[in-house]
Amino acid sequence: MKKLAIITVGKTHSGKTTFAHALEKQLSNSFVMDQDNHAEFINTYYKNLLPTQGPNILKHAISKLIVDYAKEHTDFHFIICNSNRSRKGRVYLLEELFKAEDFVRILVYFDIPDDVLKARVIQSHRSTNIFRGAYSNFEEVLARQQAEKEDIVNPSEDEADYLFVIKDNDEVNVVIQKIIQIAERM
């Protein structure tokens, strides 16, 4: 039987983590895989192993290990909670890790206006222990995300089996219920 792979897409403070945990509470047999947790773990216990520049290979290796373990040893649905704004990154997730023959793949795109995100970032109390030197706060992350152009493409319907777009947090519960219905039909 196929499992669900729900993949969030969006900028910092767009609601991805809140959505993922709300979905996990309602979607039986699911778990949230969030690389921010892995980054915080590494920054807390293995800071000396962090690369000073370039990709965080250790964080990605931990994430891949968790995904591989869950695929092989559980029947859980996956809720992948990261920005996933790069087309190349989504292709890797959708075509390599969560192939169509094994998963029903769902993208949830948080298309929240930048002014709303800026206000959320300013009021944020989230831990900054996920950063590894390039950033010191979420305002810097948001500014970088607003300026990014290379390979940053909004998701399209042809990428996955389903695409849901959330433009306002009032739409979160409707999308969660639609995902629950997809799971019930499987």
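Reply: Start with aspartate 161 and arginine 105. They form a salt bridge, with the closest N and O atoms 3.5 Å apart. The term means a side-chain nitrogen of Lys or Arg within 4 Å of a carboxyl oxygen of Asp or Glu. Aspartate 161 lies in the loop between α6 (138-147) and β5 (162-166) and arginine 105 in strand β4 (residues 103-110), so the pair ties together parts 56 residues apart in sequence. Helices (H or I, at least four residues) and strands (E, at least two) are DSSP runs, numbered from the N terminus. Arginine 105 counts as buried at 10% relative accessibility. Aspartate 161 is partly exposed at 40%. Buried means under 20% relative accessible area, exposed over 50%, partly exposed in between (1.4 Å probe, protein chains only).

The model is predicted: local features need pLDDT of at least 70, side-chain atom pairs count only at pLDDT 80 or more, and totals for chains, interfaces and linings use all residues. Residues are numbered from 1 along each chain as its sequence is written, and side-chain values use heavy atoms, leaving out hydrogens and water.

Next, aspartate 111 and lysine 167. Their closest N and O atoms are 2.8 Å apart in a salt bridge. Aspartate 111 sits in the loop between β4 and α5, lysine 167 in the loop between β5 and α7 (172-185). Aspartate 111 is partly exposed at 26%, and lysine 167 is partly exposed at 48%. Elsewhere, salt bridges with shared partners join Arg85, Arg144 and Glu148 into one network.

The whole structure holds eight salt bridges. Among them is lysine 11 with aspartate 114, at 2.8 Å, N to O.
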